[in-house]
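Welcome, and thanks for opening the viewer. Please load the model and get ready to select a few things in turn.

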There are 2 protein chains.
Amino acid sequence: MGKNLLLNAFKKTTYQLAGHGVRNINILKKALEEIDDELESDIYGNGMVIEDFEKKMAEYLGKESAVFFPSGTMAQQIALRIWCDRKGIKRVAYHPLCHLEIHEEDGLKELHHIETILLADKDKVIQLDDVVHLEEEVSCLLLELPQREIGGQLPEYKTLEDISTYCRKNGIKLHLDGARLYEILPYYQKTAAEICELFDSVYISFYKGIGGVAGAILAGENIFTEESKVWKRRHGGDLISLYPYILSAEYFFNLRIAKMEQYFNEARELAELFNQCYAISTTPKQPVSNMFHVHFELQREKLEPILAEIYVATGIGITSNLKETSMDTCSFELSIGDRYEKIPKENLRQLFQLLDEKCTI
Amino acid sequence: MGKNLLLNAFKKTTYQLAGHGVRNINILKKALEEIDDELESDIYGNGMVIEDFEKKMAEYLGKESAVFFPSGTMAQQIALRIWCDRKGIKRVAYHPLCHLEIHEEDGLKELHHIETILLADKDKVIQLDDVVHLEEEVSCLLLELPQREIGGQLPEYKTLEDISTYCRKNGIKLHLDGARLYEILPYYQKTAAEICELFDSVYISFYKGIGGVAGAILAGENIFTEESKVWKRRHGGDLISLYPYILSAEYFFNLRIAKMEQYFNEARELAELFNQCYAISTTPKQPVSNMFHVHFELQREKLEPILAEIYVATGIGITSNLKETSMDTCSFELSIGDRYEKIPKENLRQLFQLLDEKCTI
């Protein structure tokens with residue numbers, strides 16, 4: 001009941017802090033509106049629709065070539081498989097909260113029989129030291145930038161450079177889980193290509209910060225991407241038509257790629273507002289992308305009716321659900337998109353005043 | 001040059017014998033036109049859009065439940081994997097020209113490590129005798145109805161019943177590759193559910209006879225489909241949004257499911273016209289679905305300019321490419337869709353008169 005209370009109150013709000021909006025059919029319709037009806041479908045990975053977009057993304061990432069995939073799950077397993085086959089060692093290293101470890105039903109192990117080494121404490125990002133002290137040989141190290149499950153944290157840029165140099169020297173391929181790559185460019189003050197230069201293979205997504213329907217790109221050298229196409233077919237991802245995802249990816253990429261700095265600044269502003277409230281804090285304290293986690297020093301069951309009441313009073317929805325992190329604490333993830341800019345400053349001021357007043361321990 | 005000659009001539013024709021039309025963006029736009037903009041996306045396999053369609057297809061197939069997949073390649077590998085895991089024997093049997101054997105880059109072997117036994121001569125359909133004389137134990141037998149690569153041939157219905165009975169007695173799961181299941185119902189004079197009753201698991205497709213954008217359904221008992229969802233995630237097929245495929249599948253299913261008898265009758269009529277021509281024949285002689293192969297007793301290089309000329313004279317495109325089957329013969333595959341009914345009878349009469357006259361050995 002508590003969860004429905006919050007969700008229901010959230011659904012009735014006029015404004016919301018996070019995201020671009022409801023994921024409805026209109027997103028696809030909007031993306032297709034300006035497209036010529038006669039434009040021909042891609043056919044099993046070939047055709048202008050897919051080839052042009054792959055080329056455009058390869059250039060954006062500064063890689064020789066790129067392949068469009070229906071999902072990141074598929075793209076990343078395949079990247080790691082190729083690097084393992086290349087070196088003849090079926091072992092990779094990544095963070096304990098890596099997407100492949102916790103969200104993919106162990107596809108990497110069940111389908112590809114690849115062993116994994118979990119690097120770093122789960123609450124920290126991977127450092128050079130973790131890589132240097134690897135006890136077993138691995139074919140590939142996967143870095144997720146930002147590390148989503150801990151609020152979107154990043155290592156120093158220097159650390160990335162050092163890890164890249166170390167991996168190149170030691171024959172370890174470096175793969176980037178760049179599901180939120182665009183979102184970190186304002187913090188690092190780098191281009192996508194500059195960051196990707198440190199990596200041998202890169203995956204990016206089109207439905208997080210970009211807000212498309214679905215889909216992913218895997219990029220690297222030609223020989224790597226060509227091999228990835230064979231595995232894409234094996235996985236059942238070489239669909240006769242991927243254009244619904246490609247066209248929407250391109251549309252929303254063009255629409256939002258220049259807004260990443262705004263999202264980043266808004267995330268910093270918003271995190272500061274949360275951190276000024278009693279019993280509320282964020283991770284990271286200063287966001288390094290458009291996302292962060294918000295922690296409450298309150299029982300979830302106690303907090304939910306308070307939030308629901310604040311939603312009604314201010315018209316602003318903060319979150320639709322809370323995750324219990326201990327008996328007395330709870331949290332939620334927040335990613336800034338197009339919705340935040342639509343909130344009147346006066347409502348926002350009222351929101352944080354109420355939060356500070358009502359969230360008492 | 002020869003191939004381009006035929007393709008270019010084909011592209012200029014007003015009418016075409018095969019298919020529903022060009023695979024362009026308009027197909028998706030049409031399917032979305034009547035859909036409410038506010039309809040919410042499916043989210044990782046959940047939500048009204050996907051659940052309602054899965055329920056509808058389960059009912060149509062007479063199975064307990066159904067799962068929507070981005071592709072048949074993914075759905076079928078997963079079906080066979082589940083049956084192999086269930087029995088503890090990683091071996092299945094299917095036809096030498098099975099889709100999994102020739103079009104999937106050996107995904108079944110590379111990802112699932114499943115051995116295959118090829119049953120029957122490649123020019124024939126699988127008979128009960130082939131199954132009875134299997135020399136090694138298998139977990140599953142896959143039957144493709146109709147057998148596409150040999151012109152869409154079918155066994156007698158009695159044979160299907162006998163194979164099903166035999167498999168059930170002998171602990172062999174029977175899986176249906178029903179990529180073209182709707183298309184054979186008029187010949188067998190059965191419902192989809194009646195045919196599927198003979199099988200433990202069933203895959204159907206939405207972009208062949210139905211003419212949708214892409215997508216597949218895998219159906220069976222609850223325990224089977226639930227397990228298939230875990231593998232769908234492992235394969236990278238559990239996308240955040242599959243609705244572009246689902247909505248178009250549903251739209252074109254509703255539009256065309258009642259037309260399968262018409263396509264079947266037209267295929268029979270058209271095959272007869274081909275068979276009356278000198279040096280031309282079809283496989284099967286009498287189609288058992290909407291498809292068949294057309295064989296020419298002519299060198300491809302000799303035939304191409306003849307066909308191109310006939311396309312210009314009649315305005316009808318027969319095929320855009322020919323497959324060389326020997327030094328002196330060639331062929332192509334033909335599947336009837338919405339285009340055939342639009343051809344004026346007079347043009348068709350002229351077409352076959354010219355074919356009969358010009359295709360001389």
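**Stop 1: where the chains meet**

Begin by showing chain B and chain A together: across their interface the rule finds 30 residue pairs in polar contact (both at pLDDT 80 or more), a polar contact being a pair of N or O atoms within 3.5 Å, where within protein one must be able to donate a hydrogen and the other to accept it, and residues adjacent in sequence count only if both atoms are side-chain atoms. Before you go on, note that this is a predicted model, in which local features need pLDDT of at least 70, side-chain atom pairs count only at pLDDT 80 or more, and totals for chains, interfaces and linings use all residues. Residues are numbered from 1 along each chain as its sequence is written, chains are lettered from A and ligands numbered from 1 in the order in which they are written, and side-chain values use heavy atoms, with hydrogens and water left out.

Now colour α2 (25–33), α4 (72–87), α6 (107–112), α11 (222–235) and α12 (243–256) of chain B; each supplies at least two residues of the side that touches chain A. Helices (H or I, at least four residues) and strands (E, at least two) are DSSP runs, numbered from the N terminus. Which element gives the largest share of that side? It is α2(B), with seven residues.

Next, select B:Lys29 and A:Asp37, whose side chains meet in a salt bridge (2.8 Å, N to O). The term means a side-chain nitrogen of Lys or Arg within 4 Å of a carboxyl oxygen of Asp or Glu. The rule finds two salt bridges across this interface.

For the whole interface, select the 51 residues of chain B that are in contact with 51 residues of chain A, contact meaning heavy atoms within 4.5 Å. The area buried between the chains is about 4200 Å², and carbon and sulfur atoms give 59% of that; buried area is the accessible area (1.4 Å probe) that two parts lose on being put together, summed over both. Highlight B:Ile25, B:Leu111 and B:Arg234, which supply 16% of the area that chain B buries against chain A, more than any other three residues.

**Stop 2: one chain laid on the other**

The same surface serves both, as 100% of the contact residues of chain B recur in chain A.

**Stop 3: two domains in chain A**

Where they meet, 16 residues of domain 1 are in contact with 22 residues of domain 2. Zoom in on A:Arg148 and A:Glu333, whose side chains form a salt bridge (2.7 Å, N to O). On the domain 1 side, α13 (260–275) and β10 (291–296) of chain A each give two or more residues, and α13(A) has the largest share, five residues.

**Stop 4**

Finally, select A:Thr283 and A:Pro284, joined by a cis peptide bond with omega of about -10°. A:Pro284 is in the loop between β9 (280–283) and β10 of chain A.
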